[in-house]
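Try each task yourself before you read the solution.

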Amino acid sequence: MDDRCTNCDVARQLAPDLIVETGGRSEVVRQPHGAAEERQLYAAAFACPTRSIRHPARRLDPAQDPYPLRLGATDVLLCGHNSPHTAGANSYLLRRPGGTLMMVDTPRWSEPLAARYEALGPVTDVLLTHRDHVAHGRRYADRFGARLWIHEGDLEAVPDADHVLRGTRATEIAEGVIAHPLPGHTEGSVLYVADERYCFSGDSFYWSRTTGDVEVADTVTWYSIEALAASLARTVAGLRFEWLLPGHGGRKQLPADEMAARMRGLAARARELRPRPVDFTAMRW
């Protein structure tokens, strides 16, 4: 792991037994044992936004690139190749019943990557969760001939979006796909929930391996933690999903009833939060 590491947590999500946080950055603590761990390490290396996970004497073997990577027995694939222009955020491909796909946020821009994603099926929509993740959105949408979505609260970050979500009412943007505006992390943050199974939460909340629960990034909230608490209070009763798929932080699958209980608990805890100075080092990964 070289000194370009920004402690974005991406590598630790993918290879948690091999890569840990040490002194405010990631560190490879041991070499992989067996094929499964080797695949984990390559997944981490090809996702790392700074390309910091490297062999000391040779380049990464492109044949070991696993992306797009299916997440379990799901209709969701992790794009990998996280972009430094989105602070290393995760992005996803969502398969739809007719064989098309939706992209949620974006990986780094690359024509070969775009061709690789499109080989899975036509990409009809690029769904942006908020202003921090708009980099490459227009370019991928144009490459795919897809519609680009953003909320009006963050419209200035991508003023040429094709579809603009407005207000705070949940909106069905495609069959089985609901956009839930969730002002807080930014003014225009949005959740996208598909088939009452998958929740793409952007930076609004995530699974913390430290606390073993769903958490908000209250130390990295650009708009208003009080607005985020109000958004959660308004929204959680209408949310039902099994997979939490954030931009930053851990992913998690739980039975829908347990996830709903966790979300109610998060809403209750969020009501007690107060504004804090932005502090990336206080993230509870």
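This is a predicted model: local features need pLDDT of at least 70, side-chain atom pairs count only at pLDDT 80 or more; totals for chains, interfaces and linings use all residues.

Residues are numbered from 1 along each chain as its sequence is written, and side-chain values use heavy atoms, with hydrogens and water left out.

**Exercise 1.** Work out which strands pair with β8.

Solution. Strands are DSSP runs of E, at least two residues long, numbered from the N terminus. Two of them pair if DSSP finds at least two bridges between them.
- Start with β7 (residues 123-127): three bridges join it to β8, and the two run parallel. Here L127 sits opposite W149 of β8.
- Now take β9 (residues 163-165): three bridges link it to β8, again in parallel. H151 has L165 of β9 as its bridge partner.

**Exercise 2.** Decide why β8 counts as largely enclosed.

Solution. Buried means under 20% relative accessible area (1.4 Å probe, protein chains only). Four of the five residues of β8 (residues 147-151) are buried, so the rest of the structure largely encloses this strand.

**Exercise 3.** Describe how α3 and α4 cross.

Solution. Helices are DSSP runs of H or I with at least four residues.
- The axes, lines fitted to C-alpha atoms over the stretch in contact, come within 11 Å for α3 (residues 111-118) and α4.

Technical notes: Buried means under 20% relative accessible area, exposed over 50%, partly exposed in between (1.4 Å probe, protein chains only). Axes are lines fitted to C-alpha atoms, for helices over the stretch in contact, and angles run from 0 to 180 degrees between N-to-C directions.
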